[in-house]
Amino acid sequence: MNSPESAGEAAVKAPTREPLLAVTGLAKHFPVTKGLLKRQVGAVKAVDGVSFEVFKGETLGLVGESGCGKTTTGRLITRLVEPTGGSVVFEGHDITHMSQSRIRPLRRDMQMIFQDPYSSLNPRHTVGAIVGAPFRIQGIKTEHGIKKAVQELLALVGLNPEHYNRYPHEFSGGQRQRIGIARTLALKPKLIVADEPVSALDVSIQAQVVNLLEDLQNELDLTYVVIAHDLSVVRHISDRVAVMYLGKIMELADRRDLYETPRHPYTTALLSAVPIPDTRGRGSRTRVRLQGDVPSPLNPPAACRFSTRCWKADEICRTVEPPLVELAPRHQVACHFPENTPAVQPG
Amino acid sequence: MSAETTPSDAFLELRDLRIHFPTDDGLVKSVDGLSFRLERGKTLGIVGESGSGKSVTSLGILGLHNRKNARVSGEIWLDGAELVSSTQEYVRGLRGKRMAMIFQDPLSAMHPYYTVGNQIIEAYRVHHRVSKAVARKHAIEMLGRVGIPNPAQRVDDYPHQFSGGMRQRAMIAMALCCDPELLIADEPTTALDVTVQAQILDLMRDLQRDFNAALIIITHDLGVVAELSDDILVMYGGKCVEYGTAENIFETPEHPYTWGLLGSMPRLDRESTERLLPIKGSPPSLINIPPGCAFHPRCSYADRTGGKGSAEVPELSEVRGGHKVRCHLPANERHAIWESEIKPVLEAQ
Amino acid sequence: MVTYLIRRLIGAVIMLLIVSMATFAIFFLVPQIAGATPEGMASRYVGRTASAEDAKIAADRLGFNDPLVVQYGRFIKGIVAGAEFDYGPGVEQCPPPCLGYSFITRQPVWPDLLDRLPVTLSLAVGAAVLWLIIGLSTGVISALRRGSVFDRAAMTLALAGVSLPIFFTGLISLLVFSYGNPFAVFAQGGHYTPITENPGEWAYNLILPWITLAFLFAAQYARLTRAGMLETMGEDYIRTARAKGLIERTVVVKHGMRGALTPIVTIFGLDFGLLVGGAVLTESTYSLPGLGKYAIDAITNNDLPKVMGVTLLSAFFVVFANLIVDLLYAVVDPRVRLS
């Protein structure tokens, strides 16, 4: 980022600027059908009213456990899945229900990185063909031909440009993820949605890819939405973090605020559940242990989704859904009894 | 087995264990000279990346490798008995009874066509001559003990009717049903959500205390071993590269690979300003382990060994008080690197 | 489970109706499109020598001039309530279920089919027992001893089994074991004795057809079982079973075979259903008077009602077998039960 207002600390990004991506009340309900006539008997509310903004040059982390809707959210933003409700506005264009033909030009600016570097690359195509495909699909003319452009991309992600003619199986897992990233970068996107970009990789390789993503962001002025279940990776890579649970955002804040003074009980529990690779302070950490598993998104708890596992839950949590409100500057929480908050109860 | 072998006085001791697989592409040396000791009531964490040989080791201890396609040599002593030279029938009699295992993915590790109860009953009745009714009572008791609500009803459910966390609990119940003295957990929480992982780790810690079993926990996650282990063994390319207490490994690690693992992991509990310190390159293929020190192609300090890195396999030598490391770098140079280059960056991360 | 059963039964009935419509269309609509007139079709029933006038009258009487829907309705009504056929000199009764009336043999089709069914059933059941025993055991042993001499020999033989057509293996076995040469220990084709009359002779007459048919299927099943077993024995739950300390036989039989053989239930049900509808090649090679032979004869004689009857019966067996297979699958695989 070169603009003067963001030259300082990352957290001081001016909120008055136009967001690159604005998501409002986004929802995706997958119908559940039964019987011969495929009667709809219910819906999996994978994403159920999610709102957030992503500003240019920042990284928003989406964390949560399985079934929280983070992956679906990523697919809704990039319109791989058609939203049931709400809106997605990208660079001022409302793309919520835009037709595929009208959305195609916008796809250049909005790319996705997937988790599995083994299955997301076509094993019969060379690396050159894979990374060069976006040029062909979008019909883009490159200055010195596609081959040159692809080789530049390979070099950019730390691969040997000479390996242009090799096949995916000749590369290791980490290198394959680099190939995936190179393909993503081909069209110089503005926004990249990365769904579990490192979770299939070995520990030592994860760090390489995390560093690469950070370097590329600095070099190419990219904006990221990173979806991951690993809270440590998300803390490292994100500027702001949204914690999701059963299709809802529970808490959304700058990363330091979120990790050091979490306000939602679920965030507190989530953070205290992560094992720390250190022996100092072993046994002295405060532990919050949740009972049971995440409830099924087919039949989520009424009102506050977390009320069935929350130790603070009261009658009001089971009857009135807490709205996502800004309890502190740039710190939104959806809870009736937030943690780390002066005992001024709303309402 | 050679005649001069002396029986081990430890509860579990591996001596120079080698597990090699001949394949069409060459000899895969999955485990290549592994030794360690473990006492009852203690936990050993074995850490490594994919292909380090950590899972092959655990299957080797249980004697689960097919002797037709695996070459196993060395010694495995369990409570005074050597297992590598024992008959398969003898080792089978120990499996499930004195040594048991918990696997990574409880959905695929349980038979989809039999109820959870049936599978526990079966495990119990292999080693105990009791009626089905008695074994069933025991199964229900075990399910209750690992924290499954309504065990008397859930005992008749099939694995797919359990949630992920409950399935892993049931798997633990199955492993513990014969009161084993050695329990091996291979990536027991990798397939689970983080809040459920915390529950399972707590459960394993409590149960180990109750059963006073020796526990081996195999994982790629340094956080998990830090939570549970007394001792830690770091594996790379089929060999132990560093061994010590948990404090040794996390506070004064000696091996550049261990440094690399620590530097690769972002920390949940610190606000980082630095880039991560990854290890360059990728883990080696076990068919083609680099000569000399297997780690030397990825080691940032290999040029300081005077060419020994690629020429000689370093010995696993003791630094102090049981802390061992397999590295060519002189001890004082290692300490200097750790203090001046690695530690400050890790603390800042 | 009950709603599932009802849903599947309704589905089966609908399926049969569709099959009957399709068959009806093939036999009555397609010839018309191809240019056959009602008179032309009727002339087959009154004899080739009949005059055009006779054919026209016959066509009227048989209802060939009615709209196709009416004809189809009449056909279905016949199945439910029976029908009468006026062939000129007299009226023939065709009691329900009336699958048609052959004007060539002057016989309703249904009793004919009932006559032939035991032959085909005997052939199919006997062969199935043989091929299941041989195929499954060969497959399991091959998988457990992959790469052994037994495995290679069995798989070579199985490849021969699936590639050689029945009329070839059938004729070869007839040549070797029958027709008065030194190895002629089995009966020549063409004989069938009901099991109720003389079980020994029943088996003696069927043994060659059984072996011929079983060879083909045993080869297929051995290959399927071997592949399924190899896959299952690599599953995590097999490793768990061994880690529990189970003896290898229990691991293989209770855990391995249970997993590997379940999909074979499906395939077996369909194969068996298809076979009961007429083992055409085997029956004609050995001249056994079963449904398959009946179908071939009917086609050769251009006897449409017979062809339709036997087609519908075969379809019924396949649909029925499908239903049984699905229900059985819900029993053997608990994961299917809930959905």
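The largest cavity holds about 160 Å³ of space. Closest to its centre, among the 14 residues that line this cavity, are B:Phe250, B:Leu262, B:Arg267, B:Arg270 and B:Leu346. The model is predicted, and a search of the whole structure finds 10 cavities of 30 Å³ or more.

**The lining of the largest cavity**

- In chain B, helix H10 (246-251) and helix H13 (331-348) each supply at least two residues of the lining.
- H13(B) gives the largest share of that lining, with 4 residues.

**B:Glu341 in helix H13**

- Helix H13 of chain B is also the place of B:Glu341.
- B:Glu341 has a relative accessible area of 34% and is therefore partly exposed, since this class runs between the 20% limit for buried and the 50% limit for exposed.
- With neighbours within four places in sequence left aside, B:Glu341 is in contact with B:Tyr301, B:Arg304 and B:Ala336.

**Chain C as a whole**

- Chain C has 339 residues, and buried residues make up 43% of them.
- Its secondary structure consists of 14 helices and 4 strands.
- The C-alpha trace of chain C spans about 85 × 60 × 40 Å along its principal axes.
- Taking the contacts in chain C between residues at least 6 apart in sequence, 62% join residues at least 24 apart.
- Chain C has an accessible surface of about 16800 Å², and carbon and sulfur atoms account for 68% of that surface.

**Residues with a positive phi**

- A:Arg79 is not a glycine, yet its phi is positive, at about 60°.
- A:Arg79 sits in the loop between helix H1 (70-77) and strand S4 (85-90) of chain A.
- The relative accessible area of A:Arg79 is 3%, so this residue is buried; the cut-off for buried is under 20%.
- C:Ser287 is not a glycine either, and its phi is positive at about 50°.
- The loop that holds C:Ser287 runs between helix H11 (280-285) and helix H12 (291-300) of chain C.
- C:Ser287 counts as partly exposed because its relative accessible area is 37%.

Notes. Residues are numbered from 1 along each chain as its sequence is written. Chains are lettered from A and ligands numbered from 1 in the order in which they are written. This is a predicted model: local features need pLDDT of at least 70, side-chain atom pairs count only at pLDDT 80 or more; totals for chains, interfaces and linings use all residues. Side-chain values use heavy atoms; hydrogens and water are left out. Buried means under 20% relative accessible area, exposed over 50%, partly exposed in between (1.4 Å probe, protein chains only). Contact means heavy atoms within 4.5 Å. Accessible areas come from the Shrake-Rupley method with a 1.4 Å probe; for residues, only the protein chains shown count as cover. On a 1 Å grid over the protein atoms alone, a cavity is a set of points where a 1.4 Å probe fits but cannot get out, and a pocket is an open set with protein on both sides within 12 Å along at least five of seven lines; lining residues have an atom within 4 Å of a point. Grid points are joined across faces, edges and corners, and a volume is the space filled by probe spheres set on the points.
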